[in-house]
Every structure is written in C-alpha cells, then in structure tokens.
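Trainee: I have not seen this structure before. Please take me through it with a few questions and answers.

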Amino acid sequence: MIAGGPTPVAPFSHAVEIDGMVFVTGQMPDTPQSPGVLPDGIEAQTRHVMSNLEAVLAGLGLGFEHVVVARAFLTEFQRDYAAFNTTYKAYFPPDRLPARTCIGVTGLAYDALVEIDLIAHRSAATAPKP
C-alpha cells in the first residue's frame, strides 16, 4: 500500500511488484481526500483516475514513462471513448504510449464512468537501493 494513496474500494494492494514488473490495481476517479465522491463527466473522472495512478507510481519511485500496458474500462463506451482518449493521451509522451486495451463494461464501483489499471516495468536504474 502507498502512504497517502487512494482509498481502496475492496481488499487489494495498490500495486504488486515481482521481478521488475509492477502491477497497479485499477484506480477509481475519487480522491484520497474524498473517497467515493466522483466528479461529473468523463474528462474529470479520467483526470482523477490518472492522478491516482500517478500517486501510486510515484510512491514506488516510478512514473508514466515506466508504464508498458494500460487497461481502461468505460461504462459509457460509445459516448465517452473519444473524450476519454483525448484526456488519457495527455499523460504520455506522443512517442511513448503504452500498449492498451479499452473495453466497455456494464458497471464499476461507485458507479464510475472509468477505471484504469497499469503494468509498469522497473529498470535497474529505478530499482530501490538496498
């Protein structure tokens, strides 16, 4: 668990790391200061999710440049897909987008519009010092 990280909605760790691969649990669009309270609209919710993901990565000494795979889940896929993409891609350099899957789902915790999980890779340069 990451100190000051997002409040879990279920029993899970913020991230699990094994052999340099970091698996970040799907994040919701609430904030650590207001668990369960969501902003309106896909753009705001996507920004909150990305902020939560950034906090988890930072707590591990990583950033979005370490992300190799993202999986996004949208409850209003047809309506929100284009706006989600515009907001999401702003967090990555244009020449360093991770592999990604984006699917429509029937529901998410808190009735959120979006949830995103990540897989990141820790290089030897970003490994914690013993």
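Trainee: Which residue just after α1 takes a positive phi?

Mentor: This is a predicted model, where local features need pLDDT of at least 70, side-chain atom pairs count only at pLDDT 80 or more, and totals for chains, interfaces and linings use all residues. Residues are numbered from 1 along each chain as its sequence is written, and side-chain values use heavy atoms, with hydrogens and water left out. Helices (H or I, at least four residues) and strands (E, at least two) are DSSP runs, numbered from the N terminus. Just after α1, a positive phi of about 75 degrees is taken by Gly61.

Trainee: How far apart are the end C-alpha atoms of α1?

Mentor: The expected span of a helix is 1.5 Å times one less than its number of residues. The 18 residues of α1 should therefore span 26 Å, and the distance between its end C-alpha atoms agrees: 26 Å.

Trainee: Which strands stand at the edges of the sheet?

Mentor: Two strands pair if DSSP finds at least two bridges between them. The open sheet has 5 strands in the order β1-β2-β5-β3-β4, with mixed pairing. Each edge strand has a single partner, so one side of each is left without a neighbour in the sheet; these strands are β1 and β4 (99-104).
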